[in-house]
Amino acid sequence: MPATAFLPLLPGQIIEGRPATLGVLGGGQLGRMFVRAAQALGFETVVLDPDPASPAGRSCHHFIQAAYEDAEALREMARLAHAITTEFENVPAASLRELARLRPVTPSADTVAIAQDRIREKACFAQCAAQSGVPPAPHAVIETEADLAAASGNLLPGVLKTARLGYDGKGQARVGTRQELADAWHGMGRRACVLEKRLPLAAECSVIVARGRDGQTVSLPVQRNLHRNGILAVSEIHEGNIPAPLAAQAQAATCRLAHELGYVGVLCVEYFVLEDGSLIVNEMAPRPHNSGHYSIDACDLSQFELQARALAGLPLSAPRQHSPAIMLNLLGDLWLDAAGQPRQPPWRQILALPGAHLHLYGKTEARPGRKMGHLTFTGPTPQAARANAQTAAALLGIEAF
Ligand code: ADP
Ligand code: MG
């Protein structure tokens, strides 16, 4: 039987004696918000994650606690789930390939493998730039001492990024001189890296699209993102958050990329807006993205419902944002006082603010920089959402934005 035999999967449909079930590799907050959306549609859900206390593991119907390479656990996933997705790009592509022999898997292992590797990702962006008109930052691949010696001085000052396993600013070093570059690369264990020219950023933004097996593509509005210490801090989503022609260009480039990749599922692409007003493509995530969490509260179709629909082969309709929104990430720092002692953030005061939507992920241990939850403010106008978000930021001890 082909892996896709039961598509489209209809919510509540009985297949092989069980209700239609969607599976996700990874039990973090993205997995949790995915299973919630899948459950709301009427699907049963399975999560595979090595952590016994994973946020999604405690929100799903069936939890498989195992490593992502565990062959038996993958077979169990394929037995329970009629279609399978992933919540993060660092799941082994080999595990996705194995699952895809048995069940529909979106996005495909091949596209996830590109997003896992900055070298392949940059090459793909450079190739797409001919059609999209949006290039990646000037860069060079550094895999050997010879590459290091040959790297153009035009790329300095630059950012050295490991090709694999970097996130939230980890696996990156800012380098100003050749000596700093060499020290940083050696310090990273001479792993394969990309050296990017450091660019003068006026703003950062991201675009989330969902593409179905039939090629139908829908897009969320452009998110304007503020990062602090390499971690997303604030997303602002409302008309005029970035100039309209740039927003249109970023959306078109993202749809084009999804098309070129033959992508199926939810894809997020991050962009830089440079001081000269031009657009640069930075990186992609083959899954829902932190900058799209506002869509749960501010759109009539969230990025997680789009992920579930694309996976199940159901129609995607164009999401409509019904309210301007500002999202604040809630990092573990907010649960610690100046002396590093545990404290509770002032939720009563936060929830008294109009348009506050609190999402905590159920993580038991607060650590600095750890994503514990997010807070979305919706309002009748961008100004109203922003005013309440700024009040909340002040109450929580988040720097104003
Ligand atoms: P991560 O996987 O950690 O999100 P990114 O490549 O998105 O890695 O880099 C994290 C942040 O660092 C970006 O959002 C941006 O603020 C900054 N940054 C990354 N590359 C550059 C660059 N070439 N020029 C200027 N700033 C950069
Ligand atoms: Mg990034």
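This is a predicted model: local features need pLDDT of at least 70, side-chain atom pairs count only at pLDDT 80 or more; totals for chains, interfaces and linings use all residues.
Residues are numbered from 1 along each chain as its sequence is written, chains are lettered from A and ligands numbered from 1 in the order in which they are written, and side-chain values use heavy atoms, with hydrogens and water left out.

The donors are E270 (OE), E270 (OE) and E283 (OE), at 1.9 to 2.8 Å from the ion, where a donor is an N, O or S atom within 2.8 Å of the metal (3.2 Å for Na, K and Ca), and sites may look incomplete since water is not among the atoms. E270 sits in strand β15 (residues 265-274) and E283 in strand β16 (residues 279-285), 13 residues apart; strands here are DSSP runs of E, at least two residues, and helices runs of H or I, at least four, numbered from the N terminus. E270 is buried, with a relative accessible area of 12%, buried meaning under 20% with a 1.4 Å probe and protein chains only.

Turning to the sheet, 4 strands form an open, parallel arrangement in the order β5-β4-β3-β6, pairing being assigned if DSSP finds at least two bridges between two strands. β5 (62-65) and β6 (83-86) stand at the edges with a single partner strand each, so one side of each lacks a neighbour in the sheet. Strand β3 (residues 21-25) is joined to β6 by 4 bridges, and V24 has T85 as its bridge partner in β6.

Note on methods: Buried means under 20% relative accessible area, exposed over 50%, partly exposed in between (1.4 Å probe, protein chains only).
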